[in-house]
Amino acid sequence: MMQDTLGRTIDYLRLSVTDLCNYRCQYCMGCEGVPKRSHQDILSIEELAQIGEAAIRCGVKKIRLTGGEPLVRRGILELCRQLRKIEGLKELTMTTNGAALPQMAAQLKDAGVDRLNVSLDTLRPERFREITRCGELEDVLQGLQAAEKAGFTDTKLNVVLLGGINDDEIADFAALTGERPYCVRFIELMPMGVCADWPQERFLSADAVLQAVPELEFAGQSGVSEVYRLPNCKGSVGLIRPMSHTFCGGCNRIRVTADGKLKPCLHSLQEYDLRGLQGEDLEAAIRRAVEKKPSEHHLLKQHRSDTERQMHEIGG
């Protein structure tokens with residue numbers, strides 16, 4: 001077991017495999033996209049697997065593979081297979097924009113991925129192209145079908161609340177839970193990176209969901225998500241409130257960026273380099289970084305993240 005100085009048990013690693021993405025979402029990166037790095041600047045598949053194994057030896061039970069977009073990373077299936085073989089790993093999950101799932105869903109299932117989170121901020125094709133700057137909604141919808149056919153269950157749809165952009169679709173997203181056993185999770189937009197200086201009206205409280213769909217009934221808590229249900233529906237609705245509430249006191253996660261920096265907190269400037277370390281030295285470095293995990297972020301006080309990285313550089 002691995003604990004920080006506040007007694008929080010850290011058993012969840014979000015491992016970014018690339019900072020590249022095939023989309024250019026407005027709140028995640030600039031319109032110019034992501035500067036391409038050399039291969040030497042990014043962790044190799046072997047290094048990613050070593051970090052995952054060391055984290056599991058330290059006490060991590062769950063690993064989520066993130067990006068950028070993890071499915072654009074060459075060797076991603078081999079990494080999944082390697083991680084899945086490590087004794088002590090209870091759950092291997094992935095967050096994806098879903099565009100490559102029509103081709104890769106079955107392969108991911110065969111490689112040992114247990115569950116998927118799919119980012120989807122609109123159900124309208126033209127608006128989808130506007131938000132992503134280059135994507136097609138139909139690719140993601142086909143990807144969700146492919147994931148279901150491949151045997152994935154408990155798929156989560158992550159919807160970033162964007163005031164004045166997609167808040168008129170809240171009821172439409174909630175209605176999806178009547179037809180499929182999805183958990184549609186509405187996430188408050190965080191002021192970091194390119195959207196840190198966006199107008200205040202873009203930052204909606206998740207209360208907007210309860211106002212738009214008053215029939216929702218509270219059904220408990222699942223991690224950082226408040227869970228609600230509509231009567232007689234197959235799925236559920238989740239509210240994730242990093243802005244209007246704080247859940248730092250129960251935070252159980254750490255993040256490793258694609259260039260090998262461990263971030264004890266998403267919003268902190270603190271980063272600890274893991275590259276070049278192996279075995280006991282790597283485990284010790286992970287434990288030392290966890291000991292430096294801050295008690296909380298400062299989003300509620302200053303309405304701005306302390307991190308200087310864009311979200312695609314950290315892993316959503």
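Two strands are taken to pair if DSSP finds at least two bridges between them, and the legends below apply this to a predicted model.

**View 1. Pairing of strands S8 and S9.** Strand S8 (residues 225–229) and strand S9 (residues 236–240) run in the antiparallel sense and are joined over three bridges. Within this pairing, Tyr228 has Val237 of S9 as its bridge partner.

**View 2. Packing of helices H3 and H5.** Helix H3 (residues 101–111) packs with helix H5 (residues 137–150) at an angle of about 25°, and their axes lie 8 Å apart. Because angles under 35 degrees count as roughly parallel, H3 is described as roughly parallel to H5. The crossing in which H3 passes H5 is right-handed.

**View 3. Residues in the contact of H3 with H5.** From H3, Leu101, Pro102, Ala105, Ala106 and Lys109 meet Asp139, Gln142, Gly143, Ala146, Ala147 and Ala150 of H5. The residues of this contact comprise seven nonpolar, two polar and two charged.

**View 4. The protein as a whole, for orientation.** Ten helices and twelve strands make up the secondary structure of the protein. Its radius of gyration is 19 Å, close to the 20 Å given by the globule rule for 316 residues, so the protein is as compact as a globular protein of that length. Taken along the principal axes, the box filled by the C-alpha atoms is roughly 50 × 45 × 40 Å.

How values were computed. Residues numbered from 1 in each chain as written. Predicted model: local features only at pLDDT ≥ 70, side-chain atom pairs only at ≥ 80, totals over all residues. Heavy atoms only, no water. Axes fitted to C-alpha atoms, helices over the stretch in contact; angles between N-to-C directions. Helix = DSSP H or I, 4+ residues; strand = E, 2+ residues; numbered from the N terminus. Parallel < 35°, antiparallel > 145°, perpendicular 65-115°, else oblique. Left-handed = near helix turned anticlockwise from the far one by under 90°. Contact = heavy atoms within 4.5 Å. Nonpolar A, V, L, I, M, F, W, Y, C, P; charged D, E, K, R; others polar. Rg over C-alpha atoms; globule rule 2.2 N^0.38 Å.
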